[in-house]
Amino acid sequence: MDAREMKIKAAEAALAHVEEGMRLGIGTGSTAEEFVRLLAEKVAGGFRVEGVPTSERTARLCVELGVPLKSLDELPALDLTVDGADEVDPALRLIKGGGGALLREKIVAAASERMIVIADESKLVDTLGAYALPIEVNPFGLVSTRIAIEKVAARLGLSGELSLRQSGDGEFTTDGGHHIIDASFGRIPDAEALSSELNSIPGVVEHGLFINMAALAIIAGPAGARTLQANR
């Protein structure tokens, strides 16, 4: 089973949790896109759902495939969000934001009764941090914000390169008009403390640590998909 087949297996298992008439948060990324394709097949057969996309990229795919969409203002309370992750630990803490949609992903997940994470087994880790942590920042005062992040990291015993994400000939810009600093901290032993510290920096709009948000993780491997519940 190759990587895409594993993503499809995870998406299939998540789709079993989607009920007729649900208000659904629809995630961003390659695994979430497999979920959208499978959902679109059910919608084409008469299955009724309304979706709120977590990015412009996801919205375009949903429109192309015929999945009905609403804005989060139109559907401010959602039943379920299905989204991918860049890393998942045993407590279902996540690193997200590799695709740059972390702010909208977190807003949509927080508006949902439940969040299900879908991923292949390469995303499972004992401790978060091998994947660089995306930190969404306001362009104004970028240097000051970067220095503040460095100070937070030092207080928590973290080190590593902070890289301003690039796209083409310039800085990557999120759907919200912000930039992303990718923090290569390595092992993050206290994700809760780092989350709290980053939230205290005015120039940080949001960060990719998703803590106490996922109810289930569906992890696909060569033997198929398995479901993990939070070990908190």
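Biologist: What is the relative accessibility of Arg 23, and how does it count?

Modeller: Arg 23 has 31% relative accessibility and counts as partly exposed, where buried means under 20% relative accessible area, exposed over 50%, and partly exposed in between, computed with a 1.4 Å probe on protein chains only. This is a predicted model, in which local features need pLDDT of at least 70 and side-chain atom pairs count only at pLDDT 80 or more, while totals for chains, interfaces and linings use all residues. Residues are numbered from 1 along each chain as its sequence is written, and side-chain values use heavy atoms, with hydrogens and water left out.

The partner of Arg 23 is Asp 79, and the closest N and O atoms of this salt bridge are 2.8 Å apart; the term requires a side-chain nitrogen of Lys or Arg within 4 Å of a carboxyl oxygen of Asp or Glu. Because Arg 23 lies in strand S1 (residues 23-26) and Asp 79 in strand S3 (residues 78-83), the pair ties together parts that are 56 residues apart in sequence. Helices and strands here are DSSP runs, the helices (H or I) of at least four residues and the strands (E) of at least two, numbered from the N terminus. Asp 79 is itself partly exposed, at a relative accessible area of 21%.

In total, the structure holds 16 salt bridges, and another of them joins Glu 33 to Arg 57, with 2.6 Å between the closest N and O atoms. That pair links distant parts of the chain, since Glu 33 sits in helix H2 (residues 30-44) and Arg 57 in helix H3 (residues 56-65), 24 residues apart. Here Glu 33 is buried, with a relative accessible area of 14%, whereas Arg 57 is partly exposed at 40%.

A further salt bridge is formed by the side chains of Glu 192 and Arg 93, at 3.0 Å from N to O. Glu 192 belongs to helix H6 and Arg 93 to the loop between strand S4 (87-88) and strand S5 (94-95), so this pair ties together parts that are 99 residues apart in sequence. Glu 192 is partly exposed at 36% relative accessibility, and Arg 93 is also partly exposed, at 25%. Elsewhere, salt bridges that share partners join Arg 4, Glu 34 and Arg 37 into one network.
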